[in-house]
Amino acid sequence: MMDHSHIHREVANMKRSLFDQGYLDGQFHQLEDLEDDLSPNFVEEVVTLFFRDSSRLIRNAEQALEKTPHDFTKLDGIMYQLKGSSSSIGAVKVRNECSNFRGFCNQGNMEGCLSSFQKLKREHLVLRQKLENYFQMLTQVTPAENV
Amino acid sequence: MGARTYCSVISRVVPRSRVTVPVRNPSAVVRCGRTDDLLGDIPPRGLTVSDQGGRYLGDLKTVLKRTWPVEMGPRLLTGHARAITIKFDILPVNRYLGGAFDVESLVETLLKQLAGDPEIVVNVYDVTTTSMPLIMYGPQDMTGYMLISHVSMLDFGDPFRKHQMECRYSQKPPIPWSAIYTPSGVFVIVMLIGYIIFTAYNRYVTVVEDCRKMEELKVKAEAADVAKSQFLATVSHEIRTPMNGVLGMLDMLLDTDLCSMQKDYVQTAQVCGKALISLINEVLDRAKIEAGKLEMEAVPFDLRSILDDVISLFSTKSSIELAVFVSDKVPDVLMGDPRRFRQIITNLVGNSVKFTERGHIFIQVHLANYATTMMNAKSDIGSNEQSQQGKSIGYSFDTLSGLEAADGRNSWETFKHLLSDEAPLSEDDENVTLMVSVEDTGIGIPLHAQDRVFTPFMQADSSTSRNYGGTGIGLSINKCLVELMGGQITFVSRPLIGSTFTFTAVLKRCGSRGAGIKRVLSESLPTCFRGKKAIVLDERPVRGAVTRYHLQRLGITVEIPSNLKMALSSLSEKNGYSRPSQLWKEADMIFVEKDLWNSGVEAWLTQQLLDWKQNGQLIDMPKIVLLVSLESDKSLATRFVDLLILKPLRASIIAACLLRVLGIDRQQERKMLNGSASLGGMLAGKNILVVDDNKVNLIVAARALKKYGASVECAESGKDALTLLQIPHKFDACFMDVQMPEMDGFEATRRIRLMESLANELMKTEKKTTEEGTLKRDDWHMPILAMTADVIQATYEECMKCGMDGYVSKPFEEKQLFQAVARFFDFEPM
């Protein structure tokens, strides 16, 4: 009994910290609302899909950055995609970083692009780890709840 | 030659000239001769005579020998110069042409023409010798009026003799009165006219001058007025800003740690600050109204929720019963200006609250057309009853709180009739005229102040502002606002008894779309109480009706036993064999008014209910709800009371309390309290296509739409979408991402529209050939909504250009989604 409530609390704390630290925003709540009995793991599915998709996009972006001359249009397109996906799941920091990147792209500022990209990768990684932990915890909790 | 016949020289003929001699006197004889020889009459040869018409009469010699008879009339004598010249060259002498006149007849004729009526005596004298005038014509003796005579010289052309003519009246002429008064009259008239013109001109000049001065003054006054308004507006605006700063700081101060005394001080300061701000707003409103700049909005709004809000502002003062009642026939949603409406009601209720110490404040809303006629009919009866009642009973009136109200028409009698007989709104009536009345039992308005009530800045008494606060603008603003809404505001007030303010407003009905908007805009009340039954026990029927109104808004059917005593006594039979009437059996809850809840009733009720439950005649114990108006009455709630509700009643408060008591699940409650039901109503069962190249977005969007009950299909590119949308297709709507590789949203939409127009053309030609009565679908036009992350104007214009019907932002936001979709799908209530 104690464990469950303990884990409950930890899960709740984790989620709250994700919001407080600005990693996620209200869109994540919307995703949770979309979950119901018919699709119980909707949020997890979406998040997994997101990370698969975003990793691919980041790889593409890396390749595009290594090529010269730099194709800003292509980079902009990749970032637009990433921005769209991240706002769909409520990944605020990632989305903001995408916007910054696109801003540098528009200016043609290669330096800015590169530094922004590094930040983006970092944010992406951090978010991924946090969310993976979160979902792991969640799976521990859920079977108990059903009882 | 006789004295009578004289020659007069008519004209001297100068050689080489043509002479025309008028001869008027028919008896004249024309002679022609030399000047030295007066009587020589050698007519020169060659002088021809012709008459006036130019007809040749003969040469002069022949003619002169003749005398013209009367009937020939005047003749002209013309001579040819040449003849005279030739002849006279040899003998250069002047000739004259003269005529002998019959002087007498000449004079007669002439004078007769001149004299008119009074006779004139004429003498012609030969005055060559001045001392001895020879009378040539006229009476020998001196007849006539000698004093006035007129002498004129006559020139017969005779150089040796002088003649004169003397004329005088034969009788003394009468005093020529007409000669006196005619000119004097004319003179007077002329003077008068002159005077008139002169005066008129002066007046005109004065008026023009005045006018000019007035114009100047008017311009100055208008400028002053404008300046005043601007000044007022500027000052008020300037004051508002720091005031808002003060209030903001006070708010922040409240958030910090304060001891209760400090909190009290801060709250007082806040109240004062808010009052100041509202005063400034009133002043600004007044200025705006004067400048004619106040415009009424027309948006859909819910009347009942506005009244609830207004009530909640005033629920602090507790000894007064505050109640709202809106008739059933008033539609749920109306088009009008909610802000102004709220302002009017807040002001009226605020006034009532200020000036009422005891009794009630009752707000009613009815439809105007029926209500006024009904009320007028009943008022006579009502007032009679009232006054009689007043004398005998002295206390209890049939109003909300039992105290007499100023307008006797609001007693239960009329109210009952209003509720039962009120005619529903006719379907084709665009305008809805509401009648709102605010009745209170306060101190009333003194009779001498009653006609000043709507004047700005006027208060009933000089001490009013000191005692009660306020500045007196509120009612004048109200009057303007009500009039802007197309209504009128009136009041009935009796000093020390109370006042009732009534106003009408003309609002518009909301169209069919209003149904959908209603659900989203109004704070939707929980629907879980639909079908429940309740009994309301209240001695005062008006108050009971108010409670019923609120409960009916939640969908609860309400029974108010009309004869309370009987209903209660049916409980009190102690033999235990009483059977519960249908009324008590079916009730889920019983609302009891505090007044009724003395210990006797409490005991009866609970005992009886328990008995019935034990006997099995009652399945579920109904919940007992106590309605109190004072905080202090909360202690009345014994263990038998399941729920205690503090008045003033509001449907939302009742709902919340009931939810707690009836123990409905939180989750369900949350769902019921938000508006997602409405969106679901529209999208349920519809086939929707979502097109987006980003898988994550696609999944999220599809899931969101599925939640609302739609069946969703996904496409990952424009091309796939086109394949799926080949006509005929089963989709009702499409959400299309704008930015996609290969084919973007715009291009895809354009192609879809092209396909649709081709199909429509085909259908039209088909329709012409086939005459079947089969149900053909309407023109193909699928609503396509763009999903875009950057909602900027350029994108919107592009969307519209290529044929899209609207756009929503990514990710979906419920309200925006609803508004976008509502335009295409009819709202169907679930």
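Reply: A salt bridge here is a side-chain nitrogen of Lys or Arg within 4 Å of a carboxyl oxygen of Asp or Glu. This is a predicted model, where local features need pLDDT of at least 70, side-chain atom pairs count only at pLDDT 80 or more, and totals for chains, interfaces and linings use all residues. Residues are numbered from 1 along each chain as its sequence is written, chains are lettered from A and ligands numbered from 1 in the order in which they are written, and side-chain values use heavy atoms, with hydrogens and water left out.

Over all chains, the structure holds 20 salt bridges. One of them joins B:Glu483 to B:Lys479, at 3.2 Å from N to O. The two sit four residues apart in helix H11 (residues 474-484) of chain B, so about one helical turn separates them. Helices are DSSP runs (H or I, at least four residues), strands likewise (E, at least two), numbered from the N terminus. B:Glu483 is partly exposed at 44% relative accessibility. B:Lys479 is partly exposed too, at 28%. Partly exposed lies between buried (under 20% relative accessible area) and exposed (over 50%), with a 1.4 Å probe and protein chains only.

Now helix H22 (residues 745-769) of chain B. There B:Arg750 and B:Glu747 lie three residues apart, about one turn. Their closest N and O atoms are 2.9 Å apart in a salt bridge. B:Arg750 is partly exposed at 41%, and B:Glu747 at 25%.

B:Arg753 pairs with B:Asp805 at 2.8 Å, N to O. B:Arg753 lies in helix H22 and B:Asp805 in the loop between helix H23 (793-801) and strand S28 (806-809) of chain B, so this pair ties together parts 52 residues apart in sequence. Both B:Arg753 and B:Asp805 are buried.
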